[in-house]
Amino acid sequence: MNLDLSNLKEPGSSKRIQEKVQIPAFELHSQKIEPPYPFDLDLYIINTDDSFVFTGQLAGVLSLNCSRCLEKFEHEIQVEVEEELFKNELENLERINLIGILQENILLNLPIKSLCSNDCKGLCTICGQNLNENKCDCEREMIDPRLAILKDFYKKADQER
Ligand SMILES: [Zn+2]
Ligand SMILES: [Zn+2]
């Protein structure tokens, strides 16, 4: 979606956009980020003479993959959009790729780790069973890295005795 800025030629002129925007899927660290529904956009744009300043809110739902169980889940986000585009860096002063700006602002607001729920049990490291759905019979040793270090320590202590 391109944004028409041709009616914002005068420094000090501004406009507000309130509409539903469908944002195409994009990728981050090989994770596909899909917005399944249109986002609500409320954006204010002002021509400051040497730049265009965008401020506003973007709210909607993203479909993400849980980093523990790999299942898809829907994640609601609310993004404060703040962006300044300097005119001397723009190729076209009348049309701007608004979607690019919105995607960038979504990326900045993504959770570092996307989990379907805080107590997601993840996948069995042996058989791959999704442990949120079913238990499996694998004998998994809970390996906590801190405990593993302790275990090694005791082993050594034993051997030295
Ligand atoms: Zn999960
Ligand atoms: Zn298993």
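This is a predicted model: local features need pLDDT of at least 70, side-chain atom pairs count only at pLDDT 80 or more; totals for chains, interfaces and linings use all residues.
The four strands make an open sheet in the order β2-β5-β6-β7, and the pairing is antiparallel. The edge positions belong to β2, residues 14–21, and β7, residues 72–86. Each of these two has a single partner strand, so one side of each has no neighbour in the sheet. From one strand to the next, the twist averages 15 degrees.

Let me go through the pairings. Strand β2 pairs with β5, residues 39–47, in the antiparallel sense, over eight bridges.

On to β5 and β6. These two strands run antiparallel and are joined by eight bridges. One bridge pair to look at is D42 with Q57, the latter in β6. The two strands form a hairpin, with three residues between them. D49 sits in that turn and has a positive phi of about 90 degrees.

One more residue in β6 is S63. Is S63 buried or exposed? S63 is buried, at a relative accessible area of 9%. Apart from neighbours within four places in sequence, S63 is in contact with K32, I33, E34, P36, K72 and F73.

Next, the metals. The zinc ion written as ligand 1 is coordinated by the SG atoms of C66, C69, C116 and C120, at 2.3 Å. The angles subtended by those four donor atoms are 105 to 113 degrees, which makes the arrangement tetrahedral. The spacing of the donor residues in sequence is C-x2-C-x46-C-x3-C. What does the pair C69 and C116 tie together? C69 is in the loop between β6 and β7, while C116 is in the loop between α1 and α2, so the pair ties together parts that are 47 residues apart in sequence.

C116, at 32%, counts as partly exposed.

Then the other zinc ion, ligand 2. Which residues are its protein donors? They are C124, C127, C136 and C138, each through SG, lying 2.3 Å from the zinc ion. The site of ligand 2 is tetrahedral, with angles of 105 to 114 degrees among its four donor atoms. In sequence, the donor residues of ligand 2 follow the spacing C-x2-C-x8-C-x1-C. C124 and C138 both lie in the loop between α1, residues 98–108, and α2, residues 145–160, so this pair ties together parts that are 14 residues apart in sequence.

For accessibility at this site, C124 is buried, at 4% relative accessibility. C138 is partly exposed, with a relative accessible area of 24%, and C127 is partly exposed as well, with 43%.

How many disulfides does the structure hold? The structure holds zero. As a reminder of the term, a disulfide is a covalent bond between the sulfur atoms of two cysteines. The cysteines I listed for ligand 1 and for ligand 2 are zinc donors.

Technical notes: Residues are numbered from 1 along each chain as its sequence is written. Chains are lettered from A and ligands numbered from 1 in the order in which they are written. Side-chain values use heavy atoms; hydrogens and water are left out. Donors are N, O and S atoms within 2.8 Å of the metal (3.2 Å for Na, K and Ca); water is not among the atoms, so sites may look incomplete. Four donors count as tetrahedral if all angles lie between 85 and 135 degrees; four count as square planar and six as octahedral if opposite donors are over 155 degrees apart and all others between 65 and 115; anything else is irregular. Buried means under 20% relative accessible area, exposed over 50%, partly exposed in between (1.4 Å probe, protein chains only). Two strands pair if DSSP finds at least two bridges between them. Axes are lines fitted to C-alpha atoms, for helices over the stretch in contact, and angles run from 0 to 180 degrees between N-to-C directions. A disulfide is a pair of cysteine sulfur atoms within 2.5 Å. Contact means heavy atoms within 4.5 Å.
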